[in-house]
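My notes follow in the order I made them.

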Amino acid sequence: MGIRDYFSKDGFRREEFVFNTIAPVYDLITMFATMKYRKAINQLRRHLPIGGASVLDVGSGTGKWAVLFKQLGATRVVGIDLSDKMLSRARVSYPDIEFYKLNAVNMSMFEDNSFDIVTASFVLHGPDRYNRNRILGEMVRVARVAVVVHDFDSRPLPFFSRLVEDIERSHYRDFQSTFMDDLRQFGYGVRKVELRSHLALYILNKRMRVG
Ligand SMILES: C[S@@+](CC[C@H](N)C(=O)[O-])C[C@H]1O[C@@H](n2cnc3c(N)ncnc32)[C@H](O)[C@@H]1O
């Protein structure tokens, strides 16, 4: 991969290039953000049992979100990611979690309803709406109990976050304005739990049919 991939029309090539490039410093530059992950997962526990669950973490990166499920008693945690360099770091840090290289638009290696919880943290604001919905559809298919998305809420982001997202060329604005509607299209109960710092947990409950 090279700098031309950053300008590629193929959003996944761009994502792979960006995250392979920043993998060596990713944990450092996201240190303050990941310090809030513990609080977010504690909020999640109020709505969804984690102990004893099987969990698939989509876009697991260096494993900082996935490991929290393991620490809270999830029986099996699997992470998938596009970026080899992010995966290598995750494997070294968390040898008791399985990590695979996979583009989440096609998760056919996993059967329907094969994980209790399918989650994604700071992943779905990246792709355009079309590809985001392809990934979301796969997440809903593979989840048995719930899909959990940890990401931006709809409040305007502070300058620094906007700068980072613009450099990454993510589709965060579109995510912020359309994601709740996109989640509701599946006909399951959806709950949005607002967190501090412009973040939210979006929880789709497959045990609750609506409409
Ligand atoms: C901002 S990082 C978040 C990492 C981790 N979830 C966390 O919260 O620390 C986004 C990750 O999603 C991965 N990613 C983006 N699009 C993906 C896709 N279509 N399939 C799998 N992984 C993807 C990137 O390679 C990157 O590692």
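I started with the lining of the second largest pocket, where helix H3 (residues 37-45) gives the most, with four residues. Before going further, a reminder to myself: this is a predicted model. The volume of the second largest pocket comes out at about 230 Å³.

Next I wrote down who lines the second largest pocket: Lys 36, Lys 39, Ala 40, Asn 42, Gln 43, Arg 46, His 150, Leu 195, Arg 196, Ser 197 and Leu 199. How does that lining divide by residue type? I get three nonpolar, four polar and four charged residues.

Ser 197 was on the lining list of the second largest pocket, so I looked it up by itself. Ser 197 sits in the loop between strand E6 (188-194) and strand E7 (199-209). Its phi is positive, about 65 degrees, although Ser 197 is not a glycine.

With a relative accessible area of 25%, His 198 is partly exposed.

**Ala 200**

Ala 200 counts as buried because its relative accessibility is 0%. I also checked Ala 200 against Leu 102: the two are 98 residues apart along the chain, and their C-alpha atoms are separated by 25 Å.

**The ligand**

Then I turned to the ligand. Which residues come nearest to the ligand? Of the 19 residues around it, these are Tyr 37, Gly 59, Asp 81, Asn 103 and Ser 121.

- Gly 59 has a backbone N or O atom 2.8 Å from a nitrogen atom of the ligand.
- Asp 81 has a side-chain N or O atom that lies 2.6 Å from an oxygen atom of the ligand.
- Ser 121 has a polar backbone atom 2.9 Å from a nitrogen atom of the ligand.

How much of the ligand does the protein cover? On its own the ligand has 600 Å² of accessible area, and the protein covers 98% of that.

For the shell around the ligand, I counted by type: 11 nonpolar residues, six polar and two charged. Helix H1 (residues 11-29) supplies the largest share of that shell, four residues.

**Phe 7**

That took me to the segment before H1, where Phe 7 lies. Phe 7 has a relative accessible area of 56%, and the cut-off for exposed is over 50%, so I logged Phe 7 as exposed. Phe 7 and Phe 17 are 10 residues apart in sequence, and C-alpha to C-alpha they are 9.9 Å apart in space.

**Two glycines**

I looked up Gly 52 in the loop between H3 and strand E1 (54-58). Gly 52 is partly exposed, at a relative accessible area of 46%. Between Gly 52 and Pro 156 there are 37 Å, C-alpha to C-alpha, and the pair is 104 residues apart along the chain.

Gly 126 is in the loop between strand E4 (115-121) and helix H6 (129-142). Is Gly 126 buried or exposed? Gly 126 is buried, because its relative accessible area is 4% and the limit is under 20%. I compared the position of Gly 126 with that of Arg 169: they are 43 residues apart in sequence and 7.7 Å apart in space, C-alpha to C-alpha.

**Thr 178**

Last entry. Thr 178 lies in helix H8 (residues 172-184). What does the side chain of Thr 178 reach? I find the backbone oxygen of Asp 174, at 2.7 Å. Thr 178 has a relative accessible area of 10%, so I put Thr 178 down as buried.

Notes
Residues are numbered from 1 along each chain as its sequence is written. This is a predicted model: local features need pLDDT of at least 70, side-chain atom pairs count only at pLDDT 80 or more; totals for chains, interfaces and linings use all residues. Side-chain values use heavy atoms; hydrogens and water are left out. A residue is near a molecule or strand if one of its heavy atoms lies within 4 Å of it. A polar contact is a pair of N or O atoms within 3.5 Å; within protein, one must be able to donate a hydrogen and the other to accept it, and residues adjacent in sequence count only if both atoms are side-chain atoms. Accessible areas come from the Shrake-Rupley method with a 1.4 Å probe; for residues, only the protein chains shown count as cover. Ala, Val, Leu, Ile, Met, Phe, Trp, Tyr, Cys and Pro count as nonpolar, Asp, Glu, Lys and Arg as charged, and the others, Gly among them, as polar. On a 1 Å grid over the protein atoms alone, a cavity is a set of points where a 1.4 Å probe fits but cannot get out, and a pocket is an open set with protein on both sides within 12 Å along at least five of seven lines; lining residues have an atom within 4 Å of a point. Grid points are joined across faces, edges and corners, and a volume is the space filled by probe spheres set on the points. Buried means under 20% relative accessible area, exposed over 50%, partly exposed in between (1.4 Å probe, protein chains only).
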